Structures are given as structure tokens and as C-alpha cells.
Amino acid sequence: MTLRRSAQPGHRRKFLVIIDDTAECERAVYFAARRALHTNGIVVMLYVIEPGDFQHWLGVEAVMRAEAQDEARRVLGEFAEKMRKWTGTEPEFVICEGKRSEEILRVIEEDEDIAIMVLAAGTGKEGPGPLVSSIASRTATTFPIPITIVPGSMSDEEIDGVS
């Protein structure tokens, strides 16, 4: 496990947010943005492009990969614009391709300043959401950093009160 360096001189605490198409994702970004603002931190937005079943069609694979990269940049740009509006700060972007759980751990391992991961729980009957469920199923001893789970139903004002 990599030693976190966010509290050392010359480093800043980074809040990792996984960007996806869930409704609650915006709540996680808002919380991370407000928390980073209040603690002089940085938000890292991670977008993971999961591999598809098109490896045997090389021409199609290249086109689909380029489209996925374009979509990732578009979505990250939308969240960055919201963050600028909310806090006047700029996030860092990371786009990678692979299995989401593996890429999350790889990014955390590679950036010693990532100190906290922020997720938002879903509000539907299905439960907290697939990402929160998969992370929660890991034991506390195997995940390398603390995780903050924001209730997906929290308003901006409620998040402001706790961030």
C-alpha cells in the first residue's frame, strides 16, 4: 500500500470522485468540491471506460474507443463547469480504460496525494448503487484510503452544512 503524502509540505489533499451516469454522481462531485474548497484540496474526477466486447472488430474498436474518449471528455467538462460555478476551482481529470474497480485502485496507488474517495449513494429501491455496493463489499483492511459516502438525496444546503 502506498503511503499517502497529502499532508506533507508541497502536497495537497485530493478528493477522488468517480464520474459515471448515475443521478447521484452530481451529489458526490458537489460534496467533494465544497470539501476541497474548505480544506485547500483538489478534486480528481476519474472516468473509467469499461472495455466492450468488440476486440475482434479492429476498425470498429478504434471508432468506439475514440467515441468513448470523446464522451468521457464531454461528461468531465460538464462536471468541471459545474464545479467552477459552485466553487471557482478547477478539478484534475483522469480518463482510463479497464475494469472500474481495478482502475480505481490503480489511480489511488499512483497518486500519493489522493487521500479520500467520495461516493454518493443512490436513492432508489435498488439500494445504494453498484459502485457503493462493490466498494462496501471490500473489507476495510483492503481499501487503501477512507471513503466518504454522501446520501444521494442531500440538497446543496445540506451538503454545505457538513462539508
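Me: Taking buried to mean under 20% relative accessible area, which relative accessible area makes C96 buried in this predicted model?
Reply: The structure is a predicted model, and its values are computed from the coordinates. A residue counts as buried when its relative accessible area is under 20%. C96 is buried because its relative accessible area falls under that limit, at 6%.

Me: What is the relative accessible area of C25, and is C25 buried or exposed?
Reply: The cut-off for a buried residue is under 20%, whereas an exposed one needs over 50%. C25 has a relative accessible area of 3%, so C25 is buried.

Me: How many disulfides does the model contain?
Reply: The rule asks for a pair of cysteine sulfur atoms within 2.5 Å. By this rule the count of disulfides is zero.

Me: In what order do the five strands of the open sheet stand, and which strands are at its edges?
Reply: The five strands pair in the parallel sense and form an open sheet, in the order β3-β2-β1-β4-β5. Each edge strand has a single partner, so one of its sides is left without a neighbour in the sheet. The strands in that position are β3 (92–97) and β5 (147–151).

Me: Which residue of β4 is the bridge partner of F15?
Reply: β1 (residues 14–18) and β4 (residues 114–121) pair in the parallel sense over four bridges. Within this pairing, L16 stands opposite M117 of β4. For F15, the bridge partner in β4 is I116.

Me: What angle does the direction of helix α1 make with that of β1?
Reply: Helix α1 (residues 25–39) packs on the sheet, where it touches β1, β2 (42–49), β4 and β5.

Me: Which element gives the most to the lining of the largest pocket?
Reply: The largest pocket holds about 200 Å³ of space, and its lining includes Y47, E50, V75 and R100. Both β2 and α2 (58–87) supply at least two residues of that lining. With four residues, the element that gives the most is α2.

Definitions and conventions. Residues are numbered from 1 along each chain as its sequence is written. This is a predicted model: local features need pLDDT of at least 70, side-chain atom pairs count only at pLDDT 80 or more; totals for chains, interfaces and linings use all residues. Side-chain values use heavy atoms; hydrogens and water are left out. Two strands pair if DSSP finds at least two bridges between them. Contact means heavy atoms within 4.5 Å. Axes are lines fitted to C-alpha atoms, for helices over the stretch in contact, and angles run from 0 to 180 degrees between N-to-C directions. Buried means under 20% relative accessible area, exposed over 50%, partly exposed in between (1.4 Å probe, protein chains only). On a 1 Å grid over the protein atoms alone, a cavity is a set of points where a 1.4 Å probe fits but cannot get out, and a pocket is an open set with protein on both sides within 12 Å along at least five of seven lines; lining residues have an atom within 4 Å of a point. Grid points are joined across faces, edges and corners, and a volume is the space filled by probe spheres set on the points.
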